[in-house]
Amino acid sequence: YAGKRQLSGPLRYDPALDSASAQTLSLLTELRHAVEHHELRLYLQPKIALHGQPGLAAEALVRWQHPQRGLVPPMEFIPFAEQTGFVRQLTLWMFEEVCRWLATPAARHLPLRVSVNLSTRDLLDPELCHRLAALLARYGVAASALCLEITESAIMDDPQRAEAMLNRLSEHGFKLSIDDFGTGYSSLAYLKRLPVDELKIDKSFVMGMESAGDDALIVRSTIDLAHNLGLTVVAEGVETQAILGHLRSLSCDEAQGYAISKPLPAADYLVWQTRQG
Ligand code: C2E
Ligand code: MG
Ligand code: MG
Ligand code: MG
């Protein structure tokens with residue numbers, strides 16, 4: 001969308017090249033530089049309730065304000081950051097940025113809940129829990145103000161370790177959400193054991209709901225499944241009012257997507273929220 005630029009030249013990561021390549025080193029150097037020189041930006045995308053009480057919720061999404069290349073979307077550097085392990089620093093940067101924002105005078109007294117994405121690497125990091133807890137303490141933010149999103153495929157990468165980590169995070173008071181649900185082949189029996197609060201239906205199904213095919217059926221079954229397991233269900237990638245209405249009629253709990261709002265710079269989120277009245 002607006003502001004999006006394709007990376008070109010040495011910055012575009014090509015996984016076909018081996019990890020010792022000059023290209024990898026140069027992107028890693030650029031990413032480190034980006035964190036140190038405050039080139040990363042916190043964007044917030046509103047999430048709305050479709051029934052009952054309107055809550056104040058948003059998903060935190062990273063953007064890279066690159067001095068030459070403009071606003072770089074996460075899919076152009078997150079997969080690379082995953083591969084090199086740098087994503088753990090990125091997660092901590094994002095988590096701290098969200099805590100800092102939640103502690104500002106404008107946000108502090110509002111019943112906000114912000115979702116932060118974790119990566120596969122984070123699930124293997126034994127230090128993660130206490131690092132997150134230390135950041136909460138530093139900014140005086142409650143764990144319940146944060147929801148951690150973990151993709152279904154990251155969980156299924158190493159289900160046992162993921163389960164152990166989710167249990168620890170849940171004991172710390174974090175809300176937990178399974179992101180991109182429907183793409184990761186988890187079993188029902190397994191899902192039931194995880195201490196999660198929310199399922200987020202992958203946008204590929206939501207975007208196809210009004211077209212011929214199985215997407216509407218998959219969305220409806222996922223909503224029923226989530227409710228039968230006692231979970232809140234969120235649809236991501238809601239691009240039209242027709243789909244929003246359809247989701248409401250299926251008793252989906254929450255929605256997120258361009259039909260509601262694009263991701264906004266954090267400073268604009270409360271302005272957007274106020275205008276909703
Ligand atoms: P995600 O967590 O599934 O986030 C939802 C993505 O869908 C976001 O893309 C969002 O901008 C996009 N989206 C929202 N509404 C719509 C819509 O109506 N239509 C369409 N087509 N797309 C919509 P974004 O911001 O480009 O992020 C892509 C992915 O990058 C995220 O997917 C997440 O996996 C990852 N990501 C973003 N920020 C972070 C971060 O701070 N840490 C980690 N580990 N991953 C992140
Ligand atoms: Mg997410
Ligand atoms: Mg998602
Ligand atoms: Mg997704």
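View 1. The magnesium ion (ligand 3) is coordinated by Asp179 (OD), Asp180 (OD), Glu236 (OE) and Glu236 (OE), at 2.0 to 2.6 Å. Donors here are N, O and S atoms within 2.8 Å of the metal (3.2 Å for Na, K and Ca), and sites may look incomplete because water is not among the atoms. This is a predicted model, in which local features need pLDDT of at least 70, side-chain atom pairs count only at pLDDT 80 or more, and totals for chains, interfaces and linings use all residues. Residues are numbered from 1 along each chain as its sequence is written, chains are lettered from A and ligands numbered from 1 in the order in which they are written, and side-chain values use heavy atoms, with hydrogens and water left out. Along the sequence, the donor residues follow the spacing D-D-x55-E.

**View 2. Asp179 bridges two magnesium ions.** The ions are ligand 3 and ligand 2, and they lie 3.9 Å apart. Asp179 is buried, at 5% relative accessibility, while Asp180 is partly exposed at 22% (buried means under 20% relative accessible area, exposed over 50%, partly exposed in between, with a 1.4 Å probe and protein chains only). Asp180 lies in strand S6 (residues 175–181) and has a positive phi of about 50° although it is not a glycine. Helices (H or I, at least four residues) and strands (E, at least two) are DSSP runs, numbered from the N terminus.

**View 3. Phe95 and Phe174 form an edge-to-face pair.** Their centres are 6.0 Å apart, with 80° between the planes. Rings of Phe, Tyr and Trp (its six-membered ring) pair if their centres lie within 6.5 Å; planes under 30 degrees apart count as stacked, over 60 as edge-to-face and the rest as tilted. This pair links distant parts of the chain, with Phe95 in helix H3 and Phe174 in the loop between helix H8 (159–171) and S6, 79 residues apart. Phe95 is buried, at 0% relative accessibility, and Phe174 is buried too, at 3%.

**View 4. Trp101 meets Tyr269.** The ring centres are 5.8 Å apart and the planes are at 75°, so this pair is edge-to-face. Trp101 lies in helix H3 and Tyr269 in helix H13 (residues 266–276), so the pair ties together parts that are 168 residues apart in sequence. Trp101 and Tyr269 are both buried.
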